[in-house]
Amino acid sequence: MASVLQERKYTCRVSSTLNRDTKQFGKKFLFDNREETCWNSDQGSPQWISLEFQDFTTVSAFSLQFQGGFAGKECYVETEGSLKVLDFYPEDSNKIQYFYLKERVNIKKIRIAFNSSTDFFGRITLYKLDLYP
């Protein structure tokens, strides 16, 4: 299944970047398909990733690849700014994890929020994020 992020124009915002070092840990590394790069949040909870599409986009699922020890624990997905569509609980693992929305949504905005982290300081390290139609 192809990611809608490869087919659609979007902008991405994140809650924070470790030490504000966007050259080494910036949000662009979520989408570069390289195993050695990642987005790393600064400490504190909650952390989040927000995507805003230029056109309405259909989404039914998403995948995340965390660094073990820096994974989200109690997480949720919100669309169009306030509508919570899914609570989810990732494993503390390096593997790619897939999550499915209860129903397919046609959206312009989606936010993935990490209320807590497996890291004592609340940091999130994420190597990959994809959304699927």
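The model is predicted: local features need pLDDT of at least 70, side-chain atom pairs count only at pLDDT 80 or more, and totals for chains, interfaces and linings use all residues. Residues are numbered from 1 along each chain as its sequence is written, and side-chain values use heavy atoms, with hydrogens and water left out. The protein chain has one helix and seven strands.

**Fold and dimensions**

- Read from the N terminus, the elements run β-α-β-β-β-β-β-β. Helices (H or I, at least four residues) and strands (E, at least two) are DSSP runs, numbered from the N terminus.
- The C-alpha trace spans about 35 × 30 × 25 Å along its principal axes.
- The radius of gyration of the protein chain is 14 Å, which agrees with the value near 14 Å for a compact globule of 133 residues. This radius is taken over C-alpha atoms, and the globule rule is 2.2 Å times the number of residues to the power 0.38.
- Of the 133 residues, 47% count as buried. Buried means under 20% relative accessible area, exposed means over 50%, and partly exposed lies in between (1.4 Å probe, protein chains only).
- Among contacts between residues at least 6 apart in sequence, 77% join residues at least 24 apart. Contact means heavy atoms within 4.5 Å.

**Surface and I96**

- The accessible surface comes to about 7400 Å², and 45% of this belongs to carbon and sulfur atoms. Accessible areas come from the Shrake-Rupley method with a 1.4 Å probe; for residues, only the protein chains shown count as cover.
- I96 lies in strand 6 (residues 96-114). I96 counts as partly exposed because its relative accessibility is 34%.
- I96, Y98 and Y100 make a nonpolar surface patch of about 330 Å². Patch residues have over 30% relative accessible area and no salt bridge; like charges are joined within 9 Å, nonpolar side chains (Val, Leu, Ile, Met, Phe, Trp, Tyr) within 5 Å. A salt bridge is a side-chain nitrogen of Lys or Arg within 4 Å of a carboxyl oxygen of Asp or Glu.

**D130**

- D130 sits in strand 7 (residues 125-132). Its relative accessibility is 10%, so D130 counts as buried.
- Leaving aside neighbours within four places in sequence, D130 contacts S3, L5, A61, F62 and S63.

**G81**

- G81 is in the loop between strand 4 (75-79) and strand 5 (83-88). At 52% relative accessibility, G81 counts as exposed.
- G81 and F29 are 52 residues apart along the chain, and their C-alpha atoms are separated by 24 Å.
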